[in-house]
Amino acid sequence: MTTLANMPLSRRDLLKGGALTVAFNIAAPLFGPTSTAVRAATPDPADLDSWIAVHADNTATVFFGKVELGQGTTTGMLQIAGEELDLDMSQLRAARVDTEVTPNQGPAVASLSIMDNGPQLRAAAAEARQALLQLAATKLGAPVERLKVVDGVVSVAGEPSRAVKYGDLIGAKQFNVKMTGKAPQKPVADYRLVGTRVARVDVPDKVSGKYVYMQHVRVPNMLHGRIVRPRGQGAYGDGARIASVDPGSIADIPGARVVRKGDFLGVVADNEWDAVRAADRLKVMWQVPPRLPVQAKLFDAMRASRTTDSVIVEEGDVPAALAKAAHVSSATYYGPYQAHAPFAPSCAIADVGAQSALVMCSTQYPHGVRGVLATTLALSPDQVRVQYYEGAGVFGRACHDDSALAAAIMSQAVGRPVRVQFMRWDEHGWDNYGPPHLADVRAGVDADGNITAFEYHGWHHGWATMETSQELALGAAPQPPVSGRARLVNKETLSAVYAMPNVRLINHHVPGLDGYLKGGNLRSPMDLSISFAAEQTIDELAHAVRMDPVAFRRRNMTDPRWIGVMDAVTSAANWAPRVSHAAASAGRIATGRGVGLGTHIVSYGAAVADIEVDRDTGETKVKHLYGAIDAGLVVNPALVENQIVGMLVQSASRALIEEVRFSQTNVTSLDWNSYPVLRFADHPDVTPIVVQRMNERSTGAGEEVMGAAVGAIANAFFDATGVRMREYPMTPDRVRAALKA
Amino acid sequence: MAEELKIRVNDRPVAVAASRDTPLLYVLANELGLQGPRFGCGLAQCGSCSVLLDGVEIRSCSTPVGAVEGKAVTTLEGLPALYAAQRGLAQPPALHPLQRALIDEQAPQCGYCYNGMIVKGSELLARNAQPSEAEIRQAMNGHLCRCGSYPRIMAAIRLASRIMAEERT
């Protein structure tokens, strides 16, 4: 039996425990419903002790509520804390995110961790430093102004023998200080850790095999569970209604049991392979109405739906400006459902008792999923403890919360801890997909190359309001998906990049319960689709006035940060000014180069793409992508470069091949053959570029280059072929059809 | 029906209780507590569960445990020792050169696919000490990385090739 060491510890254990590498590797009793330990409340962010604990060995544990998703947030957050505390990275540890150990800082979404939560942690670390300096002043008999700190050792300036360690000032005691928000913070000019390329703290264990992913965790007395659902979801809101179940169909599998709550269906067994086999063999009749549109008619259905329309921007007089324009570009663009398709399916362990529950899972928001778990289990939120373990990268809301709910429902039913791991078809088939997008775009330019008008109509449905396990178990109807940030035509992407006198942006919110799939935030939600449409429109205007696409953009930009990020990427790519498709070859392999700009909420992204198109087969290869970001003060440029590498490769994958397939009853792309993603054979070479702006606020850096890259790829296609691709993914079939048209 | 099977994992004979048709992956993960091989798709499409069988990369999610009796299974955990044996080193290094190179390149993001990347990459380097870019792409094509860290894995395999050449001298 596996003996995994990662049993949960109470916050008190952590506070007295010294370096967390020790604390996390000692086997402690399961702190679950059967434990008699006193339950602690979620740490209060108003208390300094909720954020930082200094230990007697002169190390510190940092508590923050944002989870590591492979983006390096843990390393970046420790750099921020270490900077203000004047501690070296080797003296810092991060606590596991846990609703009873770490403060609630909101969900790890929208690339907000460093932007929104970095300042919170910086303030807390400054507060801790101030408190420690006051203790040191008393101990050393010198005023705070004369003290300096190096690696947690406080000394009197010019008298190195008069010194004391942080650890000796506070030992294992707590600060017992309220956050004032007024502690002085280090001037940027004095930074020695923030802004540098510190190696990631999680990489050595991830490479050696010692890193404990959620999928590795085992607890005593545990059963293995699997969910049982139709292969591939149908229309959102229909759930999966059970007509009949035949438990006798798994009677010959030792220890396998059916777990049913409402229409929630699962199996448990002592042995994992038995659980897998039982889920596969259990005979179930489902009622699945054919309420999805024929896939080829998806965009017709969206356009014809009873939309809720809103004006996002209305500036100037767009119709009049279009009427006077020297050239007008007008086209409709299409973006498909795309899947999160994490490399590993979601996994969770739950141990649910009469009065309490412990749930270990990979949710992007441990504090937030508590409420949903509590509702489903008929407990109160403070009876539910959620602990975070990293899973495979999801880039949005895939099935992590759903798997946590499934484990909790099964554990409550069988009275034992249950570990649920989704199968590949569960994860591919019951995802909250990135919704499809339909756009009508019109834009005008004058004879001098000034953009005079821009009009964008976008159709889009919202995101699932309920996890499937809850919907099935409680027989509850999901609320209609609503519009909101990243579910609306984005004015930051559409009207902030270029200076345009007349702009109209209209959002058409499609009712998501009227025969669509479950939607969810998928990396650079909506903005990838928007930039695909908008950046091609801008490129068409440049071509119409026979201008170089970079020079045309620069002419229509005023914000120095947009110009700066475009200059950074075009300079790295050695961009040679020319009119698109002016010097195209006639051979079978057409080569092209394109530029694109884009963002997601904030930050500035730019990309250049070099591609090849095989005119005979329609196969498009992205050979090289250059991607640049200006995200203000970049805490760790190496982390952001790695994010850009991933964004560029994923953008190529999404632009070229990714598309969820469905019949009228259910999703049919349920594995890596039916939902392919880019592999080694076809990934582009990449050049990541970070525009460092030490004196600007840190902003998101995990998704802002996606739209730019997809726009650049589409524009490179035109440069190569003289033909516009209005729909992605740019599959060989679509390419051949476009080249023939 | 569960029976006692004798298999050889990371150069150690072990007895496990499992039905012969149980995929090797579940035995390695649940009976032996190994963290290298891990579930990804269960369909041999992604490479998450890769191990070496007599030095050749296989997918443990779709290989029945009964089929590996009498053969040598090497998991991620056993790669440094296998490397030492292949190179005639007195002591196994702490990490295989490819693992060291992946740290130098700061390659992973979530890192979940790195079991397969390291197992497959080490197999490639064992039979081709200086693979070309095309050879690397072809050899690694059965291994997915959803985070898109392929370019850094490519760079790490090239770096590992150089490290191994230096260690030879």
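**View 1. The crossing of helices α10 and α11 in chain A of a predicted model.** In this predicted model, α10(A) passes α11(A) in a right-handed crossing, a crossing being right-handed if the near helix is turned clockwise from the far one by less than a right angle, and left-handed if anticlockwise. Helices here are DSSP runs of H or I with at least four residues, and strands are runs of E with at least two, both numbered from the N terminus. The two helices pack at an angle of about 30 degrees, with their axes 10 Å apart; axes are lines fitted to C-alpha atoms, for helices over the stretch in contact, and angles run from 0 to 180 degrees between N-to-C directions. Val369(A), Val372(A), Leu373(A), Thr376(A) and Leu377(A) of α10(A) meet residues of α11(A) that include Ala404(A), Leu405(A) and Ile409(A), where contact requires that the C-beta atoms, placed from the backbone, lie within 7 Å.

Residues are numbered from 1 along each chain as its sequence is written, while chains are lettered from A and ligands numbered from 1 in the order in which they are written. Local features in this predicted model need pLDDT of at least 70 and side-chain atom pairs count only at pLDDT 80 or more, whereas totals for chains, interfaces and linings use all residues.

**View 2. Domain 2 against domain 3 in chain A.** The domain assignment, which is automatic or from a database, places domain 2 of chain A at 216-289 + 346-421 and domain 3 at 295-338 + 433-740. Between these two domains, 25 residues of domain 2 are in contact with 28 residues of domain 3. On the domain 2 side, α10 (366-377) and α11 (400-414) of chain A each supply at least two residues, and the largest share, five residues, comes from α11(A).

**View 3. Chain A against chain B.** Here 45 residues of chain A are in contact with 44 residues of chain B. Elements giving two or more residues to the chain A side include α7 (272-281) and β24 (685-691), while α18(A) gives the most, with six residues.

View 4. The strands form an open sheet in the order β1-β2-β3, with mixed pairing; two strands pair if DSSP finds at least two bridges between them. Strand β2 (residues 60-62) and β3(A) pair in the parallel sense over three bridges, and Ala60(A) stands opposite Leu92(A) in β3(A). Helix α3 (residues 73-85) of chain A packs on the sheet, touching β1, β2 and β3.
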